[in-house]
Amino acid sequence: MEITEDSQLSIPIKNLIMMGVAIVMATAAYFTLEARIVAIEHDRQMRAVEIKKNSEFRELWPAGRWGSGALPADAEQFLRIEGHDRDIEKLYALREEMVLLKIELGALKSQIESSE
């Protein structure tokens with residue numbers, strides 16, 4: 001049997017429709033998978049960029065080489081802490097003075113009692 005331009009092929013309509021549906025489904029599945037792969041690759045690339053930025057930030061921020069080295073809120077906290085430290089030092093100095101005054105008062109009290 002020889003195949004030429006005039007050769008005829010008879011396929012039942014049901015089979016022809018099924019072949020068309022199968023081709024459409026296969027094409028839709030291909031493009032769906034292709035779109036999913038592109039989305040996953042894009043997501044991976046974006047995550048790689050974020051990971052790189054995070055790594056740079058993690059390494060450079062503590063060293064003071066990223067940005068100003070501290071956030072404005074951090075700077076305010078540092079100033080407040082320094083102020084509290086100064087206040088605590090003043091309180092310790094006042095406590096020492098009070099102890100000395102207490103000792104002097106005790107000595108004066110004993111002198112007054114002994115002279116009476």
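Glu82, Asp85, Asp87 and Glu89 gather in a patch of negative charge on the surface. This is a predicted model, in which local features need pLDDT of at least 70, side-chain atom pairs count only at pLDDT 80 or more, and totals for chains, interfaces and linings use all residues. Residues are numbered from 1 along each chain as its sequence is written, and side-chain values use heavy atoms, with hydrogens and water left out.

**Surface patches**

- Patches consist of residues with over 30% relative accessible area and no salt bridge, like charges being joined within 9 Å and nonpolar side chains (Val, Leu, Ile, Met, Phe, Trp, Tyr) within 5 Å.
- Glu82, one of the residues in the negative patch, lies in helix 2 (residues 72–115).
- Glu82 counts as partly exposed because its relative accessibility is 43%; buried means under 20% relative accessible area, exposed over 50%, and partly exposed in between (1.4 Å probe, protein chains only).
- A nonpolar surface patch is formed by Leu9, Ile11, Ile13, Leu16, Ile17, Met19, Val21 and Met25, which together have about 820 Å² of accessible area.
- Accessible areas come from the Shrake-Rupley method with a 1.4 Å probe, and for residues only the protein chains shown count as cover.
- Met25 is found in helix 1 (residues 13–60) and, at 56% relative accessibility, counts as exposed.

**Overall form**

- The chain has 2 helices and 0 strands; helices (H or I, at least four residues) and strands (E, at least two) are DSSP runs, numbered from the N terminus.
- The radius of gyration of the chain is 44 Å, whereas a compact globule of 116 residues would have one near 13 Å.
- That radius is taken over C-alpha atoms, and the globule rule is 2.2 Å times the number of residues to the power 0.38.
- The C-alpha trace spans about 145 × 30 × 20 Å along its principal axes.
- Of the 116 residues in the chain, 1% are buried.
- The chain exposes about 11300 Å², of which carbon and sulfur atoms supply 63%.
- Phe78 lies in helix 2 and is partly exposed, at 49% relative accessibility.
- Phe78 and Gln45 are 33 residues apart in sequence, and their C-alpha atoms are 38 Å apart in space.

**Charges and salt bridges**

- The chain carries 14 positive and 20 negative side chains, and the centres of the two sets lie 3 Å apart.
- Lys and Arg count as positive and Asp and Glu as negative, while His and the chain ends are not counted; the place of a charge is taken as NZ of Lys, CZ of Arg, CG of Asp or CD of Glu.
- The whole structure has 3 salt bridges, a salt bridge being a side-chain nitrogen of Lys or Arg within 4 Å of a carboxyl oxygen of Asp or Glu.
- Asp43 forms a salt bridge with Arg47, with 3.0 Å between the closest N and O atoms.
- Asp43 and Arg47 are separated by about one helical turn, because they are 4 residues apart in helix 1.
- Asp43 is partly exposed at 37% relative accessibility, and Arg47 is exposed at 53%.
- Arg58 and Glu59 meet through their side chains in a salt bridge (3.7 Å, N to O).
- Arg58 counts as exposed at 54% relative accessibility, and Glu59 as partly exposed at 49%.
- Arg80 forms a salt bridge with Glu76, the closest N and O atoms lying 3.1 Å apart.
- Both Arg80 and Glu76 lie in helix 2, 4 residues apart, about one turn of the helix.
- Arg80 is exposed, with a relative accessible area of 53%, and Glu76 is partly exposed at 43%.
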